[in-house]
Amino acid sequence: MLPMPALCWLCRLPLRVASHGLCSVCLRALPPLPILCPRCGLPAASSRVACGRCLQSPPVWQALICVSGYQPPLRRWVHQLKFSRITALRVMLARLLLLSWLHAHRTRGLRRPDLLLCVPLHKSRACRRGYNQAALLAQPLARWLGCEFCDGVRRRRRAAPQHRLPASQRRQNVRGAFRLEIDVRGRHIALIDDVVTTGHTVGEIGRILLAQGAASVQIWCLCRTL
């Protein structure tokens, strides 16, 4: 019996390289990003220098990259990965993150990290879902980049899902919610998440990493709410 060919996740035509997940035509047709600030990842006048928001009140991390705004088709794929157990999306989505980092590496000299971490789930939520979607993204990325991946951040307590809270409550919701279980002194770290909205979750983890001696922190996400 001949094997069934892998199909593009968008147009459903056969792929030459199955692991790519998207054909070259659909990859080029993904919604383009506007000009984004290299620090906070929000719309700005320049993609090379920090925006006025960051000059006045910089986030704790040093750089943020994303694949897309929170819009189709990335929004649909994130929901399918998180809530519908379609984990076959992981390699394609990780590749899109890799391509975004490679572009930032070429155009603005973004440093290659030596350690990848992921935003953790509380153990009860991880047990219900069966996996952490951010870890599914980080594992192939670490292999392709030749760096270490470690599941070294834990949740101290269960917090309400950030997407269900108004922006005014999100910072307090994650304050003190995480603990670090590894030595990060001198490490250049990329923190992986699926969606960054207000940035309070990744900001809280980034604050802990830098307080424990990390040399730098980048945020990598599939979707940035713009």
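The second largest pocket holds about 650 Å³ of space, in a model that is predicted. A pocket here is an open set of points on a 1 Å grid over the protein atoms alone, where a 1.4 Å probe fits, with protein on both sides within 12 Å along at least five of seven lines. The volume is the space filled by probe spheres set on the points, which are joined across faces, edges and corners. Local features need pLDDT of at least 70 and side-chain atom pairs 80 or more, while totals for chains, interfaces and linings use all residues. Residues are numbered from 1 along each chain as its sequence is written, and side-chain values use heavy atoms, leaving out hydrogens and water.

**Pocket lining**
- The lining of this pocket has 26 residues (an atom within 4 Å of a point).
- Leu33, Cys66, Val67, Ser100 and His103 lie nearest the pocket centre.
- Helix H1 (24-29), strand S1 (63-69) and helix H4 (90-108) each give two or more residues to the lining; helices are DSSP runs of H or I with at least four residues, and strands are runs of E with at least two.
- H4 gives the most, with eight residues.
- By class, 17 lining residues are nonpolar (Ala, Val, Leu, Ile, Met, Phe, Trp, Tyr, Cys, Pro), four are charged (Asp, Glu, Lys, Arg) and five are polar (the others, Gly among them).

**Cysteines**
- The whole structure has zero disulfides (pairs of cysteine sulfur atoms within 2.5 Å).
- Cys37 is in no disulfide, and its nearest cysteine sulfur, that of Cys51, is 3.7 Å away.
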